[in-house]
Amino acid sequence: MDRMGYDYEGCHGEGRIMVFVGDLIDRGPDSISVVRLVRRLVEAKRAYCILGNHELNVLLGKANSGSKWLYGEKESLIRDKKDRHTLQALADEATRCEILDFLQNLPIVLERSDVRVVHAAWDDAAVDKLRSSKLRTVLDAYYFYKSEVDNMITSLLKTSTARAERDRLLAKWTPTGAEGLGPNQRYGPVSEDELYIQCGELMHQNENPVNVVLSGFEEVSPSPFFAGGKERTLRRKRWWNHYPSDSPLVVFGHYWRKASHTESNSEDVHLFGLDESGKVSCQPFSLLYTSERYVNAACVDYSIGRRYIERAEGKISGETGTALGALRLPEKVLYLHDRPPCDLRGVPGQGVTIDNGGHVLEPTS
């Protein structure tokens, strides 16, 4: 806040307003204070905040990795140090009610003529569904569309062509790099029951508009991988590759990209690191782009939630590419808390580093 010209009360000399893109909780030592800070700024009308998937999970009562603090319980957030509790502020019942009351009233997207803000994925069809529905809360919407998808899955299993329809859906959500492989060839033997389960998981993720905007689209992974405490066969999809070029700028978080020029060490390397041809697909200090075109989209999540792992492993802060990021609009200047600001208006993938006065210093790539 200080680097971008805000004081402790959230006031800015130019009257600017902050926007938080969700996932306020579950990482770091004090989720309670983070929520209280953002709530204070929102109530003072000096900030907006949208829901992230972590907020949705606690509203749904899901005790996922990192959320036990909300229930007053200790846990370890370090995969290899399960016997060592991570230092976290723990909530009592009154604090839990206070936090949930604030979160349940947050919007899930923000939009004006020149910019859109979403936690994970902007999809016109999903947003239109939510916008046109008369459902009052995010939980109402979540359960309504979950029931709708449950009925779709039940209907699928009752049809005489259930297997063919299942394989059609799996093929639809299989990435280009895995096309031509049969379902059982992707990563070893897979039972028929497992394939139906996988198809159901994809339907719940990609057909429920609440899940789409808060945690993005998913697709079949060409190989299994470990993330979030378990082995996974589905991975996140680069939805922005298909974002219409004439649409307003969309700003989002969620994806834990790295503040380094080569992101090949990222867990989700296929998102921002190496593409199928082995080339770096997106430099970190730029708007997103593909090999064919510029994409009017910016991911501002630079894995700051991983800082607690760096500290636990005795590493220097930022050593693994973590940073706290913010995008200033309409200037399109990216601020990272421990690096010079970067102007994203340059050639896609070739932003320029600028000083605090807006003067160009050097190319960033």
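**Group meeting: a walk through a predicted model**

Touching, or contact, means heavy atoms within 4.5 Å.

Before I go on, this is a predicted model, where local features need pLDDT of at least 70 and side-chain atom pairs count only at pLDDT 80 or more, while totals for chains, interfaces and linings use all residues. Residues are numbered from 1 along each chain as its sequence is written, and side-chain values use heavy atoms, with hydrogens and water left out.

Back to His 54, which sits in helix H2, residues 53–59. Helices here are DSSP runs (H or I, at least four residues), strands are too (E, at least two), and both are numbered from the N terminus. Is His 54 buried or exposed? His 54 is buried, because its relative accessible area is 15%. The cut-offs are under 20% relative accessible area for buried, over 50% for exposed, and partly exposed in between, with a 1.4 Å probe and protein chains only.

Now the whole protein. We have 10 helices and 14 strands, and 46% of the 365 residues are buried. Take contacts between residues at least 6 apart in sequence: 59% of them join residues at least 24 apart.

On to helix H1, residues 31–43. Its 13 residues reach 18 Å from first C-alpha to last, close to the 18 Å expected at 1.5 Å a residue; that expected span is 1.5 Å times one less than the number of residues. Which residues of H1 are buried? They're Ser 31, Ile 32, Val 35, Val 38 and Leu 41. Their cover includes strand E1 (18–20), strand E2 (47–49) and helix H3 (93–103). After H1 comes Lys 45, with a positive phi near 60 degrees.

Strand E2 also holds Tyr 48. Tyr 48 is partly exposed, because its relative accessible area is 48%.

Last stop, the nonpolar cores. A core is a set of buried Ala, Val, Leu, Ile, Met, Phe, Trp, Tyr and Cys residues joined through side-chain atoms within 4.5 Å. In the largest, with 47 residues, Trp 239, Trp 240, Phe 252 and Tyr 255 touch the most other members. Apart from it lies another core of 18 residues, and Val 117, Leu 249, Val 251 and Leu 287 are among them.
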